[in-house]
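Please examine the sequence and the three-dimensional structure shown below. The paragraphs that follow begin with the ligand and its surroundings, then turn to individual loop residues and to charged pairs.

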Amino acid sequence: MKSTIVLLGPPGSGKGTQGEKLCSEFGYVKLSTGDMLREAVKNQTELGMKAKQYMDSGALVPNDLIIGLMKEKIAAADGKVILDGFPRTIEQADALSGQLDVDLALNLDVKDEELIKRITMRRSCPSCNAVYHLIYNAPKTEGICDKCGSRLYQRDDDTEATVLNRLSTYREKTMPLIGYYESRGKLVTIEGTGTIDEIFEKVRKAIQ
Ligand code: AP5
C-alpha cells in the first residue's frame with residue numbers, strides 16, 4: 001500500500017471526503033493545509049490574520065507562509081501520510097520533494113458545474129472538520145455534526161463568486177502539478193463523479 005499520497009483536484013472534488021475515508025479505513029494521517037489555515041484564522045494567530053484575505057478572495061496563501069508550516073507538520077507526522085491541499089504550486093512540490101518521496105498523486109477529476117453544486121451546499125464542522133452536503137451527504141440531524149455534535153457552518157469561501165475565483169486559481173497555479181507528477185510516473189487520475197462510496201472503491205484500488 002502507498003505510504004505517502006498527495007490528493008490533487010479542484011476545489012470541491014472530494015479530496016477532504018476521500019482523505020477522511022482513507023484515514024478511518026487504512027490508518028493514514030491526513031495533513032490538510034485548508035484545515036490548518038481555517039484553524040489559524042479561527043484562533044486569530046499571526047498566520048491566520050495574514051492568510052484570511054487570500055482565502056476569502058479565492059487566492060492562494062503565499063508559498064512562504066505555507067511551505068515552512070507544512071515542513072514542520074510533515075516532519076512531526078508518524079506513519080502513512082495523506083497530503084490534502086499541499087502541494088498546490090510547483091514551488092511547493094519542489095520543496096516537498098526535498099523532504100519526502102511521494103508514492104502517489106491521486107487526481108480527482110470533476111466538472112465545474114458539479115463542483116459549484118457541491119461547494120455552495122457544503123456544510124463543515126468547526127470542531128472536527130467533518131464535511132457534509134445538504135443533499136448528497138446530509139447530517140442525520142439538520143445543522144449538527146454526526147461525529148462530534150457541533151453546530152455546522154458554511155465556510156466564508158464557499159459562495160459562488162469565490163468558488164469561481166478558486167477555480168481559476170486552481171487552473172493557473174495547481175493544474176500544472178498534474179503534468180509534474182505524471183512526468184515522474186506518480187499520477188493516477190480518477191473520474192470523481194458518482195457517489196462517495198463509488199469513488200472510494202476507485203481510490204482503494206489506486207492506493208494498492
Ligand atoms: P482547501 O480547504 O484546501 O480548499 P479546496 O482545495 O478548495 O478544497 P475544498 O476543501 O473546497 O474541497 P475538497 O476537494 O476537499 O472537497 P470536499 O471533500 O470538502 O483550501 C482553502 C483555501 O486555503 C484555498 O483557497 C487557499 O486560499 C488556502 N490554501 C490551502 N492550501 C493551500 C496551499 N497549499 N497553498 C496556498 N494556499 C492554500 O467535498 C466538497 C463537497 O462535496 C462536500 O459537501 C462533500 O460532502 C461533497 N462531496 C464529496 N464527494 C462527493 C461525491 N462523490 N458526490 C457528491 N458530493 C460529494
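In the classification used here, Ala, Val, Leu, Ile, Met, Phe, Trp, Tyr, Cys and Pro count as nonpolar, Asp, Glu, Lys and Arg as charged, and the others, Gly among them, as polar. By these classes, the shell around the ligand holds 14 nonpolar, 13 polar and eight charged residues. The model is predicted, and local features therefore need pLDDT of at least 70, side-chain atom pairs count only at pLDDT 80 or more, and totals for chains, interfaces and linings use all residues. Residues are numbered from 1 along each chain as its sequence is written, and side-chain values use heavy atoms, with hydrogens and water left out.

The ligand is surrounded by 35 residues, the closest being Thr17, Ala59, Arg88, Arg122 and Arg166; a residue is near a molecule if one of its heavy atoms lies within 4 Å of it. Helices (H or I, at least four residues) and strands (E, at least two) are DSSP runs, numbered from the N terminus. At least two residues of the shell come from each of helix H1 (15–26), helix H2 (33–42), strand E6 (131–133) and helix H9 (196–206). H2 supplies the largest share, four residues.

An oxygen atom of the ligand lies 2.8 Å from a polar side-chain atom of Lys15, and a nitrogen atom of the ligand lies 2.9 Å from an N or O atom in the side chain of Gln92. The backbone also takes part: a polar backbone atom of Tyr132 is 2.7 Å from an oxygen atom of the ligand. Of the 1,000 Å² of accessible area that the ligand has on its own, the protein covers 97%. Accessible areas come from the Shrake-Rupley method with a 1.4 Å probe; for residues, only the protein chains shown count as cover.

The loop between E6 and helix H7 (160–174) contains Leu134, and Ser150 lies in that loop as well. Residues are called buried under 20% relative accessible area, exposed over 50%, and partly exposed in between (1.4 Å probe, protein chains only). Leu134 is partly exposed because its relative accessible area is 40%, whereas Ser150 counts as buried because its value is 16%. The side chain of Ser150 makes a polar contact of 2.7 Å with the side chain of Ser127.

Side chains of opposite charge can pair when their charged atoms come close. A salt bridge is a side-chain nitrogen of Lys or Arg within 4 Å of a carboxyl oxygen of Asp or Glu, and by this rule the count is 18. One of these joins Arg204 and Glu25 at 2.9 Å, N to O. Arg204 lies in helix H9 and Glu25 in helix H1, so this pair ties together parts that are 179 residues apart in sequence. Arg204 also forms a salt bridge with Glu201, with the closest N and O atoms 3.3 Å apart. Arg204 and Glu201 are separated by about one helical turn because they are three residues apart in helix H9. Elsewhere, salt bridges that share partners join Glu20, Lys30, Asp35, Arg38 and Asp84 into one network.

Note on methods
A polar contact is a pair of N or O atoms within 3.5 Å; within protein, one must be able to donate a hydrogen and the other to accept it, and residues adjacent in sequence count only if both atoms are side-chain atoms.
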